Amino acid sequence: MRAITLMTAQLVSLLILTASANGLFEKSECTIAFVLSFITFASCSVYIGKHQKHLLREVNNHYQA
């Protein structure tokens, strides 16, 4: 998976997390959005942790070209 895609997914999920935090236990839509965003953020973090060397190489190659 591309590093830019992962970082974008993390950023979007973080924004959704903060936006839905106010109505976390009051509205079911906010709770669902929060849980799905948390799972997405955690999955991206784990993937980045496992493939860190490959992703760093990809980012370095992108900026050197």
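Colleague: What share of the accessible surface of the chain belongs to carbon and sulfur atoms?
Modeller: Carbon and sulfur atoms account for 67% of the accessible surface, which comes to about 5100 Å². Such areas are computed by the Shrake-Rupley method with a 1.4 Å probe, and for residues only the protein chains shown count as cover. A word on the background: this is a predicted model, where local features need pLDDT of at least 70, side-chain atom pairs count only at pLDDT 80 or more, and totals for chains, interfaces and linings use all residues. Residues are numbered from 1 along each chain as its sequence is written, and side-chain values use heavy atoms, with hydrogens and water left out.

Colleague: What pLDDT does the chain average, and which element has the lowest mean?
Modeller: pLDDT is the predictor's confidence in each residue, from 0 to 100. The chain averages 89, and 97% of the residues score at least 70. Helix α3 has the lowest mean of the elements, 83, while α2 has the highest, 93.

Colleague: What makes the pattern of the chain α-α-α?
Modeller: Helices are DSSP runs of H or I with at least four residues, strands are runs of E with at least two, and both are numbered from the N terminus. The chain has three helices and zero strands, and reading along the sequence gives α-α-α.

Colleague: Why is S37 called buried?
Modeller: Buried means under 20% relative accessible area, exposed means over 50%, and partly exposed is in between (1.4 Å probe, protein chains only). S37 has 5% relative accessibility, so S37 counts as buried. S37 is part of helix α2. Buried residues make up 18% of the 65 residues in the chain.

Colleague: What is S37 in contact with, once neighbours within four places in sequence are left aside?
Modeller: Contact means heavy atoms within 4.5 Å. On that basis S37 is in contact with S13, I16 and L17. Across the chain, 59% of the contacts between residues at least 6 apart in sequence join residues at least 24 apart.

Colleague: Why does F41 count as partly exposed?
Modeller: F41 has 27% relative accessibility, so F41 counts as partly exposed. Its place is in helix α2. Between F41 and Q10, 31 residues apart along the chain, the C-alpha separation is 5.2 Å. Apart from neighbours within four places in sequence, F41 has contacts with Q10, S13, L14 and L17.

Colleague: What makes R2 and E58 a salt bridge?
Modeller: A salt bridge is a side-chain nitrogen of Lys or Arg within 4 Å of a carboxyl oxygen of Asp or Glu. The closest N and O atoms of R2 and E58 are 3.8 Å apart, and the pair forms a salt bridge. This pair links distant parts of the chain, 56 residues apart: R2 is in the segment before α1 (3–20), and E58 is in helix α3 (residues 52–64). R2, at 53%, counts as exposed, whereas E58, at 22%, is partly exposed. The structure holds one salt bridge.

Colleague: Which residues make the nonpolar surface patch?
Modeller: I32, V35, L36, F38 and I39 make a patch of about 480 Å². Patches take residues with over 30% relative accessible area and no salt bridge, joining like charges within 9 Å and nonpolar side chains (Val, Leu, Ile, Met, Phe, Trp, Tyr) within 5 Å. I39 has 45% relative accessibility, so I39 counts as partly exposed. Helix α2 (residues 28–50) is where I39 is found.
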